[in-house]
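Here is a short tour of a protein model, written to be read with the structure open beside you. Take a moment to look it over, and then we can walk through it together.

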Amino acid sequence: MSISHLSLVNQKLAFAGATIGLLNNSLGEPKGMRKLELQALADAAVFHLMMALHFYLRELAEHHQLKKPSVIRSIQDLISSLQQVDKVSSEASELLALSQISDSWLSQLTQYHDHIFKSPEKPREKKAFGQENLIALVELTEARGQELPDLTVELLASWLESFRALVVRQRETSAEY
């Protein structure tokens with residue numbers, strides 16, 4: 001039996017919900033390895049949400065009868081593939097708009113996911129000769145780019161609920177046509 005992208009979206013959303021539930025239950029446990037476990041569960045919830053997004057984009061590609069939904073890896077890929085066959089998707093446009101609003105759940109989710117995958121930067125070596133009396137220059141654009149919300153159970157749960165609501169609403173709307 002073939003597993004559809006629709007069922008994979010549902011599965012990943014359920015996995016994210018289960019992981020958030022485990023994270024919430026772990027908050028009352030004694031310390032020990034608690035910090036490591038909490039971070040692992042929070043990151044796992046982010047991964048499941050991103051996989052749900054990934055499969056939802058492919059579900060939209062299938063719905064619009066694109067030939068190779070498996071090549072869709074981003075919202076922009078979906079929009080480009082739709083444009084190649086002269087189609088427009090209100091669902092993809094909404095996702096793109098959400099991803100471009102800096103304080104939206106989708107933008108925050110993708111920023112946090114990108115942060116997890118970011119390799120640590122190599123520290124700059126200090127020069128051996130005297131600039132000790134100078135004030136260090138800090139690039140403001142770099143400092144701003146790393147502002148991420150604290151990853152709490154409440155934030156993860158709100159991302160999950162926002163994502164579920166979007167998927168349900170978009171599926172209901174597309175079923176009407």
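## Reading the model

Residues are called buried under 20% relative accessible area, exposed over 50% and partly exposed in between, using a 1.4 Å probe and protein chains only. This is a predicted model, in which local features need pLDDT of at least 70 and side-chain atom pairs count only at pLDDT 80 or more, while totals for chains, interfaces and linings use all residues. Residues are numbered from 1 along each chain as its sequence is written, and side-chain values use heavy atoms, leaving out hydrogens and water.

The pLDDT is the predictor's confidence in each residue, from 0 to 100. Its average over the protein is 86, and 81% of the residues score at least 70. Among the elements, α4 has the highest mean pLDDT (95) and helix α6 (residues 140–145) the lowest (47). Across residues 141–145 the pLDDT is below 50, and this stretch has one contact in the model beyond near neighbours in sequence. Contact here means heavy atoms within 4.5 Å. Helices (H or I, at least four residues) and strands (E, at least two) are DSSP runs, numbered from the N terminus.

## Aromatic pairs

Rings of Phe, Tyr and Trp (its six-membered ring) pair if their centres lie within 6.5 Å; planes under 30 degrees apart are stacked, over 60 edge-to-face and the rest tilted. This rule gives three aromatic pairs. In one of them, the ring centres of Phe 47 and Phe 117 are 5.7 Å apart with planes at 70 degrees, so the pair is edge-to-face. It links distant parts of the chain, as Phe 47 sits in helix α2 (residues 34–63) and Phe 117 in helix α5 (residues 105–117), 70 residues apart. Phe 47 is partly exposed at 32% relative accessible area, whereas Phe 117 is exposed at 56%.

Tyr 56, Trp 105 and Phe 163 form one aromatic cluster. Setting aside neighbours within four places in sequence, Phe 163 contacts Leu 13, Leu 49, Ala 52, Leu 53, Tyr 56 and Trp 105.

## The nonpolar core

A nonpolar core is a set of buried Ala, Val, Leu, Ile, Met, Phe, Trp, Tyr and Cys residues joined through side-chain atoms within 4.5 Å. The largest one has 42 residues, and Leu 78, Leu 95, Leu 156, Trp 159 and Phe 163 touch the most other members. The biggest share, 14 residues, comes from α2.
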